[in-house]
Each structure stands twice: as structure tokens, then as C-alpha cells.
Amino acid sequence: MADLTINLAAICTPADYNTRPLDTIYSNFIDALPVVKYCSENNKRLIHFSTCEVYGKTIGAFLPKDSPLRKDPAYYILKEDESPCIFGSIEKQRWSYACAKQLIERLIYAEGAENGLEFTIVRPFNWIGPRMDFIPGIDGPSEGVPRVLACFSNNLLRGEPLKLVDGGQSQRTFVYIKDAIEAVLLMIENPARANGHIFNVGNPNNEVTVRQLAEIMIQVYSKVSGEKSPETPTIDVSSKEFYGEGYDDSDKRIPDMTIINRQLGWNPETSLWDLLESTLTYQHRTYAEAIKKVIAKPIAS
């Protein structure tokens with residue numbers, strides 16, 4: 001039997017946890033309980049993948065809009081051992097994912113404190129790269145809604161405007177999957193330095209609004225595909241229209257990198273432009289012809 005268990009299983013897309021909250025809670029908490037119990041009872045080390053969503057909303061989001069404190073990064077940077085977890089109201093079911101993930105984190109931490117479970121918790125901050133998610137109607141359901149990178153990639157491949165939820169004002173950081181996997185390998189290879197820790201794994205240097213992400217992706221895709229940008233590059237849609245009733249969001253997610261740098265010596269290296277160029281080159285090479293065939297196919301009467 002293996003000495004290490006890595007738990008990545010989860011329902012983890014906004015379209016799902018906003019419309020399937022029960023499945024989301026079961027997947028991220030109930031279904032994870034046997035894994036944690038097994039590791040604890042059999043002295044197996046556990047690396048559990050959580051999410052940056054556990055932080056919820058930032059403290060800065062609740063400051064008055066005219067407050068000078070809104071410019072202070074201390075109210076936005078998310079620290080594993082200090083930042084509170086602030087979720088929206090119960091009616092905002094999009095927080096079912098974050099809440100379930102937080103509760104399983106607390107249970108894992110308690111197993112470590114009371115029963116000696118050796119654990120590491122990973123909090124990914126928007127890991128993106130080739131083969132992330134699915135392209136609707138090609139290698140996933142036509143009505144499916146993948147995460148933002150694949151959503152925008154799908155629009156670009158089809159020559160459609162990129163849909164900006166609530167104007168794309170939310171700010172996010174993005175880290176290249178290659179960089180992130182190197183961080184995970186360090187956790188696997190250095191148990192003494194990783195056990196008992198929660199690690200943010202992200203790239204604070206790659207922070208943009210979702211609107212800015214769309215604009216950069218349009219430029220990069222035009223470069224790698226040789227195609228002109230659409231006349232209407234983006235359109236604004238409401239979160240209710242895109243995700244359904246009960247959606248809510250966090251304003252910013254900037255990871256503090258102190259702990260992972262101190263414990264594992266890890267820092268991300270890939271710029272946002274470079275990771276998008278690599279990713280969109282793959283997306284174009286893999287999907288462009290398939291999508292052209294789908295678009296050209298006549299609709300049955």
C-alpha cells in the first residue's frame with residue numbers, strides 16, 4: 001500500500017456549485033471523509049487539494065468605497081495562517097463549494113492535532129494551462145460551462161465575443177500549471193518541510209481583472225492563430241444570466257507566498273503572457289479544425 005495519498009477529487013466549477021450545491025457539498029466534504037479517515041487510521045500521509053475559494057471575500061471588499069484603506073494591500077492579500085474566511089449569505093449557494101472545502105480543511109487539521117495525521121493542504125490560485133477543462137461541444141457537453149480560461153478559449157476558437165460576467169471587474173491571479181506542479185513535487189519530496197502546513201500556490205505577479213484577462217487572450221490568440229480579432233471582442237452579461245440564481249463572487253484573490261517560499265523555496269516563474277501564449281497555441285492546434293467542422297455542419301430540420 002502507498003505511504004502517500006493525494007486527494008484531488010472534487011466538483012469545482014462555478015456553474016456546478018452554483019446550480020448543484022448538494023452534489024458540491026457531498027463531493028467536497030462527505031465523499032472526502034473516508035479518505036481522511038483512512039489516512040488517519042492507517043498512518044498514511046495525506047496531501048489534500050483545497051481551494052483559494054476558502055478565503056471567500058476580502059476584508060477590503062467591506063470597506064467604504066471612499067476609504068483610503070482600500071489602497072492598502074494588507075486588506076486584500078490572503079495569508080494561510082491569518083486571513084479570515086468570509087462567505088456570502090446562505091441564499092448565495094455559490095459558497096457551498098468554499099464552505100465544504102473549509103470544513104474538510106478543519107477536519108484534516110483536527111485529525112493532525114488530535115490523532116497525528118501527517119497532512120499538507122494545497123490552496124490553488126487559478127492554475128491554468130493546456131488541457132485545462134473542456135471545450136463545450138467538442139470534448140465536453142454542448143451546454144456545459146467550464147472555467148474562465150476554457151470559456152474564453154471556446155469563444156476565441158468560435159470567433160465569438162468573450163462574455164464578461166458582471167463586466168469582468170473581479171480581480172484574479174493566474175499561475176502556470178508547470179510552475180504549480182513543481183510546487184506539488186516539492187511537497188511530495190520534502191515531507192518534513194511540508195507536513196502540517198497549508199500552502200497557497202499561486203502567482204501574485206500575474207494579477208489582472210477578468211476583463212484584462214480577456215483583452216490579453218484576444219491579443220495572444222490573434223498572434224498564435226493568425227486570425228483577426230472579432231469586431232465585437234467582448235460583451236457584458238449578468239452573473240444571474242450566466243450562472244443562474246444564487247451567484248456571488250469575491251473581489252480579489254492575491255496569495256501571500258511567505259510560507260511556501262520559507263518551507264519549500266518555491267516561487268512561480270512564468271508570466272501571464274507566456275503562459276497564455278503556450279496555452280492558446282495548444283488550444284488552437286488541438287481544437288480549431290474540430291470547431292470549424294462543427295460550425296460548418298448543417299443543422300438538421
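Which residues make a nonpolar surface patch of about 390 Å²? In this predicted model, the patch is formed by L22, I25, Y26 and I30. Of these residues, L22 belongs to helix α2, which spans residues 21-30. L22 counts as exposed because its relative accessibility is 63%, and the cut-off for that class is over 50%.

The cysteines were then examined for disulfides. A disulfide is a covalent bond between the sulfur atoms of two cysteines. With a cut-off of 2.5 Å between cysteine sulfur atoms, the count is zero disulfides. For C52, the closest cysteine sulfur is that of C12, at 11 Å, which is too far for a bond. C52 has a relative accessibility of 3% and therefore counts as buried. For C99, the closest cysteine sulfur is in C85; the separation of 9.6 Å is likewise too far for a bond. C99 is partly exposed, its relative accessible area being 42%.

The largest pocket has a volume of about 1200 Å³. Its lining comprises 46 residues, of which C12, P14, N126, R147 and R253 are the closest to the pocket centre. Several helices and strands each supply at least two residues of the lining. The helices are α1 (14-19), α4 (96-115), α5 (148-158), α6 (177-189) and α9 (239-243), and the strands are β5 (127-128), β6 (162-165) and β7 (171-173).

Notes
Residues are numbered from 1 along each chain as its sequence is written. This is a predicted model: local features need pLDDT of at least 70, side-chain atom pairs count only at pLDDT 80 or more; totals for chains, interfaces and linings use all residues. Side-chain values use heavy atoms; hydrogens and water are left out. Patches are made of residues with over 30% relative accessible area and no salt bridge: like charges are joined within 9 Å, nonpolar side chains (Val, Leu, Ile, Met, Phe, Trp, Tyr) within 5 Å. Accessible areas come from the Shrake-Rupley method with a 1.4 Å probe; for residues, only the protein chains shown count as cover. A salt bridge is a side-chain nitrogen of Lys or Arg within 4 Å of a carboxyl oxygen of Asp or Glu. Helices (H or I, at least four residues) and strands (E, at least two) are DSSP runs, numbered from the N terminus. Buried means under 20% relative accessible area, exposed over 50%, partly exposed in between (1.4 Å probe, protein chains only). On a 1 Å grid over the protein atoms alone, a cavity is a set of points where a 1.4 Å probe fits but cannot get out, and a pocket is an open set with protein on both sides within 12 Å along at least five of seven lines; lining residues have an atom within 4 Å of a point. Grid points are joined across faces, edges and corners, and a volume is the space filled by probe spheres set on the points.
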